[in-house]
Amino acid sequence: MEYYAGIDVSLESSSLCIVDATGRIVREAKIASEPEALTAWLKGLREGGCEIIRIGLEAGPLSQWLYAE
């Protein structure tokens, strides 16, 4: 099954939503808006068998530094 992630970035925390290929929500979380925290959470999904195919990142001034990392 293919999974996709969406990240809504805020100053202190980011909201993540994982959906499957049919659009069904598989998992949601609120993670600190730090590159290390976000990548650790996403890697944990992969280790649990949830391979993320694509990640959508909110386009805005708060997400630019996360993208660079």
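Is E51 buried, exposed or partly exposed, and at what relative accessibility? In this predicted model, E51 counts as partly exposed because its relative accessibility is 41%, a value that lies between the limits of under 20% for buried and over 50% for exposed.

**View 1. The whole predicted chain, with its order of helices and strands.** The protein chain contains two helices and four strands, and their order along the sequence follows the pattern β-β-β-α-β-α. Its C-alpha trace spans about 30 × 20 × 20 Å along the principal axes. Of the contacts between residues at least 6 apart in sequence, 40% join residues at least 24 apart. Buried residues account for 28% of the 69 residues, while the chain exposes about 4,700 Å², of which carbon and sulfur atoms supply 51%.

**View 2. The largest pocket and the residues that line it.** The volume of the largest pocket is about 260 Å³, and its lining is made up of I7, P35, L38, T39, L42, I55, L57, L66, Y67 and E69. The elements that each give two or more residues to this lining are α1 (35-47), β4 (52-57) and α2 (64-68). The largest share, four residues, comes from α1. By residue class, the lining of the largest pocket divides into eight nonpolar residues, one polar residue and one charged residue.

View 3. E51 is found in the loop that lies between α1 and β4, where its relative accessibility of 41% makes it partly exposed. When its neighbours within four places in sequence are left aside, E51 is in contact with Y3 and R46. For a sense of scale in this view, Q64 is 13 residues from E51 in sequence, and the two are 24 Å apart in space, taken from C-alpha to C-alpha.

View 4. D8 has its place in strand β1, which covers residues 3-9. With a relative accessible area of 44%, D8 is partly exposed, since that value falls between the limits of 20% and 50%. Once residues up to four places away in sequence are not counted, D8 touches S13, S14, S15 and E58. G44, by comparison, is 36 residues away from D8 in sequence, with 19 Å between their C-alpha atoms.

Note on methods: Residues are numbered from 1 along each chain as its sequence is written. This is a predicted model: local features need pLDDT of at least 70, side-chain atom pairs count only at pLDDT 80 or more; totals for chains, interfaces and linings use all residues. Side-chain values use heavy atoms; hydrogens and water are left out. On a 1 Å grid over the protein atoms alone, a cavity is a set of points where a 1.4 Å probe fits but cannot get out, and a pocket is an open set with protein on both sides within 12 Å along at least five of seven lines; lining residues have an atom within 4 Å of a point. Grid points are joined across faces, edges and corners, and a volume is the space filled by probe spheres set on the points. Ala, Val, Leu, Ile, Met, Phe, Trp, Tyr, Cys and Pro count as nonpolar, Asp, Glu, Lys and Arg as charged, and the others, Gly among them, as polar. Buried means under 20% relative accessible area, exposed over 50%, partly exposed in between (1.4 Å probe, protein chains only). Contact means heavy atoms within 4.5 Å. Accessible areas come from the Shrake-Rupley method with a 1.4 Å probe; for residues, only the protein chains shown count as cover.
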